Amino acid sequence: MSGAELLSVAAFIEGRHAQAFPSFGSERMGAPVMAFCRIDDKEIRLREPVLEPDALIIQDATLLHQVDLFNGLPARGVVLINSAKSLDEMGLGGLAQGFQQYRVYPVPATDLALKHVGRAVPNVPLLAAFAAVTGVIGLASLERAIGEKFPASIAERNVAAARAAFEAAKSAKETISA
Amino acid sequence: MLKQTEGSHAVAEAVALCRPQVICAYPITPQTHIVEGLGEMVKSGELTGCEFINVESEFAALSVAIGASAAGARTYTATSSQGLLFMAEAVYNAAGLGLPIVMTIGNRAIGAPINIWNDHSDSMSMRDAGWIQLFAETNQEALDLHIQAFRLAEDLSCPVMVCMDGFILTHAYDRVDVPTQAQVDAFLPPYQPRQILDPSDPVSIGAMVGPEAFTEVRYLQHHKQLRALGLIPQLAADFAKEFRRDSGGLIRTYRTEGAETIVVALGSVNGTIQEVVDEMRAEGNAIGSVSICSFRPFPLAVLREALCNARRVVVLEKCLAVGMGGIVSDGVRKSLSGIVLNGYTVIAGLGGRAITRTSLRKLFEDAQRDELEQVTFLDLDADLVSFELERESRVRRTGPTAEALLRRIGTVASRIG
Amino acid sequence: MENQLIKFYQTGTFTVGNRLLSEEQRSVQADMHRTNSLNSGHRACQGCGEALGARYAIDAAMRATQNQLIAVNATGCLEVFSTPYPETSWQIPWIHSLFGNAAAVASGVAAAQRALGRKRVRVIAQGGDGGTTDIGFGCLSGMFERNDDVLYICYDNEAYMNTGVQRSSATPPAARTATTPAVGPSPGNVFGTGKNVPRIAMAHRIPYVATASVSNLRDLEAKVTYAMTIEGARYVHILVPCPLGWGTAPEDTIKIARLAVESGLFPLFEAHHGRVTSRTPIRRQVPVTDYLKPQKRFAHLFGKTPDTERIARVQAMAEANIAEYALLD
């Protein structure tokens with residue numbers, strides 16, 4: 001299940017409408033893929049790709065310098081990047097200071113996933129961080145979504161990863177805002 | 001019950017609720033998740049009384065369905081694009097034999113060039129085969145239409161295609177309301193065949209019919225679809241009563257009262273169109289839209305009623321009559337026979353190109369000023385086209401066209417817009 | 001399956017009389033209560049081998065299933081001559097869909113019987129060589145591979161007869177057809193081409209494969225009857241001479257079919273799960289020329305300067321079969 005889909009389930013659990021879909025690119029493993037999620041309180045009729053995201057979640061940081069990921073991101077847009085490095089170490093120090101003033105948060109999602117789940121699947125920690133930073137979904141909803149969509153043993157470990165990521169992102173957010 | 005689920009899975013659940021007896025499956029993107037979902041339900045025992053058969057081609061898939069349906073079983077299959085073409089002979093055969101098979105089309109473009117993304121060329125290729133063709137606007141409607149389709153097919157003894165946009169709907173996670181088994185059972189009674197292969201009462205099905213009766217057989221098929229024009233709205237009304245929501249019907253109008261400009265389209269793009277209509281209405285523009293759900297039978301009368309007072313009609317279609325222009329616009333034009341207004345054909349979304357609010361906004365504004373060509377290819381890359389035409393005029397050995405274009409713009413599917 | 005071999009020295013035609021056989025082994029055709037599944041009044045040519053084969057095969061299958069049978073027919077001679085609108089000569093439930101999908105349609109009919117809980121109703125798919133070996137090949141293989149409970153009967157007259165005698169992958173080498181004319185340096189069908197569908201059926205390891213000929217109708221009935229005792233995919237391939245397409249006299253159909261068998265060109269055998277389990281030995285071997293000469297489709301091999309080279313190659317094919325299936329004791 002993709003991150004976008006899981007996000008949509010969490011939003012559904014909160015009684016909201018959500019639409020998640022892939023960018024319909026190549027189906028092979030290892031190819032760059034994009035997925036979108038729209039969340040609203042009323043029925044979502046729009047069927048175009050998300051061209052002006054409020055938030056961008058980058059699961060694979062190696063894409064940063066290959067594809068123009070920030071295309072369409074508005075000023076003050078939120079960016080979560082799966083990386084254990086700092087922004088400066090990634091060469092993105094200028095982003096937050098730039099005229100767009102993106103709010104960029106590195107999240108060591110793969111590391112967290114390896115630690116709590118035992119597999120390098122960064123989806124859940126990234127979503128948890130997203131919840132912490134934006135409040136668009138609550139951690140409890142994410143945990144319920146995980147419970148519904150993953151088999152029991154894996155769900156438990158993912159919830160642990162989510163909690164860890166949520167806490168880490170919350171304190172990081174406070175640091176950046178300060 | 002409300003669920004957040006993939007469109008394909010919603011359809012699989014709907015089909016399962018209809019108590020199918022034989023399902024045959026051959027994989028093709030983007031419908032595969034539907035048959036996989038149903039296969040799993042049968043294998044796990046969740047769906048009982050149903051035979052699930054993995055066949056060796058789409059031609060075999062519909063052929064198996066023909067045999068099963070003729071033997072009295074409620075039968076279902078799904079396909080897209082190339083698969084629909086591969087079973088084309090059987091598509092005509094099923095309609096000609098009057099077998100109430102229900103088939104999902106996960107709408108996808110037809111090659112060459114090979115393309116797995118959405119457009120309506122596949123369904124359009126079979127528009128005159130005698131099947132009823134219903135187009136879903138949302139995943140909820142896709143789910144609902146399958147339930148209506150079985151009843152429609154069996155009432156009329158006519159096969160029904162439920163068309164849903166590949167990827168855009170099939171692979172999108174949406175919130176849907178999945179009915180209960182009791183609700184579906186109340187709406188859809190067990191299949192009572194008009195003809196059946198039964199040793200206790202033998203019949204010969206599939207005779208050769210010569211000039212003495214072929215026209216009459218075809219006329220009766222046509223007549224069946226004309227009857228469907230009355231049956232489809234009736235079914236939608238019955239459905240609304242039982243399931244408490246609007247789904248299906250012949251067409252759906254959106255803010256067409258007093259509209260000077262009306263946009264007509266099929267399928268999921270209507271959602272985006274409605275967003276743009278709202279935007280423009282808020283700014284005082286007299287614009288509305290019509291979504292055609294039943295493409296076959298083509299709703300000439302109700303379409304005429306919906307469009308006759310407009311000053312201009314823009315038909316936005318995800319298909320192309322190569323060498324002529326629009327396919328849907330042909331039908332729309334026919335419905336407006338004798339009425340003078342400006343008609344525009346817009347070919348959009350071919351091969352999965354995204355249809356954006358921005359592009360539509362500009363398009364509708366151009367339409368309002370009557371500054372549109374008769375036929376417009378939305379978001380056409382004119383430079384790319386000129387480049388290729390110029391190259392072709394210079395050189396004989398130009399190599400494959402598609403590859404040349406791709407080389408010029410970048411990799412496959414690197415841009416969806 | 002028991003074979004009771006009886007030799008009638010008096011008549012010299014090896015015909016077996018019913019009164020010397022047990023009830024179950026008697027020909028269905030002698031039974032007053034036979035179904036006449038393919039009833040008289042059909043429009044087949046005089047001497048049509050397919051009409052003969054179909055009548056025997058389907059009536060045998062009806063007896064074997066207590067009349068619980070549904071037939072699926074491919075497009076072709078049998079379908080066309082048996083259902084001249086508005087008449088039908090079929091007295092059993094019968095469906096014709098398309099040229100290439102009889103096997104798949106039959107799979108669907110069989111699946112419906114399971115879904116509807118009709119355990120006793122069995123399904124036969126039937127077609128000519130064109131609909132079986134060529135255009136229907138994909139669906140046939142699919143049905144075999146799934147081991148669907150269908151008996152597929154191929155009536156092999158070695159060309160697309162209904163459309164005017166065009167070559168199929170069952171057309172034997174050297175035979176003249178409309179698309180392999182008897183002209184040029186290599187007249188007739190090309191050597192080294194063609195499909196052996198019984199062997200291909202065996203390669204799928206289906207429960208039962210058999211070849212049969214209208215020259216031995218008792219054997220044909222026995223094989224079909226036996227096939228109906230088995231569940232799963234079964235294949236029976238019947239040689240049915242076509243007087244029109246082969247250029248033989250209508251009254252010689254059975255004789256020609258016998259010569260095909262006795263020359264070794266059409267071996268009669270049975271196979272289970274991919275292995276040959278029995279074969280009918282040749283009583284009196286005849287040279288292939290005895291078989292080829294009466295057929296106008298091979299006329300170009302004979303005449304003032306016989307094509308000894310090609311005739312020898314055909315003979316070699318017969319010898320190869322004889323060796324392969326041990327047809328001479």
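This is a predicted model: local features need pLDDT of at least 70, side-chain atom pairs count only at pLDDT 80 or more; totals for chains, interfaces and linings use all residues.
Which chains share the most contacts? Of the 2 pairs of chains in contact, it's B and C, and contact here means heavy atoms within 4.5 Å. Chains A and C, on the other hand, do not touch, and their nearest C-alpha atoms sit 27 Å apart.

Some housekeeping before I go on. Residues are numbered from 1 along each chain as its sequence is written, chains are lettered from A and ligands numbered from 1 in the order in which they are written, and side-chain values use heavy atoms, with hydrogens and water left out.

Okay, chain B. The domain assignment, which is automatic or from a database, gives domain 1 (2-243), domain 2 (251-377) and domain 3 (387-417). The centres of domain 2 and domain 3 of chain B, taken over C-alpha atoms, are 31 Å apart. Chain B has 15 helices and 16 strands; helices (H or I, at least four residues) and strands (E, at least two) are DSSP runs, numbered from the N terminus. The radius of gyration of chain B is 22 Å, close to the 22 Å that the globule rule gives for 417 residues, so chain B is as compact as a globular protein of that length. That radius is taken over C-alpha atoms, and the rule is 2.2 Å times the number of residues to the power 0.38.

Along the principal axes, the C-alpha atoms of chain B fill a box of roughly 70 × 55 × 55 Å. Buried residues make up 60% of the 417, where buried means under 20% relative accessible area, exposed over 50%, and partly exposed in between (1.4 Å probe, protein chains only). Take the contacts in chain B with a separation of 6 or more: residues 24 or more positions apart account for 80% of them.

Now the core. A nonpolar core is a set of buried Ala, Val, Leu, Ile, Met, Phe, Trp, Tyr and Cys residues joined through side-chain atoms within 4.5 Å. The largest one has 96 residues, and B:Trp131, B:Val332 and C:Tyr235 touch the most other members. Helix H3 (residues 102-115) of chain C gives the most to this core, with 10 residues. Why does the core lie between domain 1 and domain 2 of chain B? Because domain 1 (2-243) and domain 2 (251-377) both give residues to it. Leaving out residues up to four places away in sequence, B:Trp131 touches a list of residues including B:Leu62, B:Val91, B:Ile101, B:Met161 and B:Arg296. Apart from that core lies another, of 49 residues, B:Met41, B:Leu143, B:Val176 and B:Leu188 among them.

A cis peptide bond joins B:Thr29 and B:Pro30, with omega about 5 degrees, and B:Pro30 is in the loop between strand E2 (22-25) and helix H2 (32-44) of chain B. Another cis peptide bond joins C:Tyr85 and C:Pro86, with omega about 0 degrees; C:Pro86 is in the loop between helix H2 (77-82) and strand E2 (94-96) of chain C.

Then there's positive phi. C:Asn36 isn't a glycine, yet its phi is about 55 degrees. C:Asn36 lies in the segment before helix H1 (49-64) of chain C, and at 21% relative accessibility it counts as partly exposed. For C:Ala326, also not a glycine, phi is near 50 degrees. You'll find C:Ala326 in the segment after helix H11 (308-325) of chain C, partly exposed at a relative accessible area of 35%.

Last stop, chain A. Its secondary structure comes to 7 helices and 5 strands, running α-β-β-β-β-α-α-β-α-α-α-α from the N terminus on. With 178 residues, a compact globule would have a radius of gyration near 16 Å, and chain A has 16 Å, which agrees. Of those 178 residues, 48% are buried.

One strand to look at is E3 (residues 55-58) of chain A. The covered face has A:Leu56 and A:Ile58, while the uncovered one has A:Ala55 and A:Ile57. In a regular strand the side chains alternate between the two faces of the sheet. E3 of chain A pairs with strand E4 (residues 78-82) in the parallel sense over 4 bridges; to count as paired, two strands need at least two DSSP bridges between them. In E4 of chain A, the bridge partner of A:Leu56 is A:Val79.
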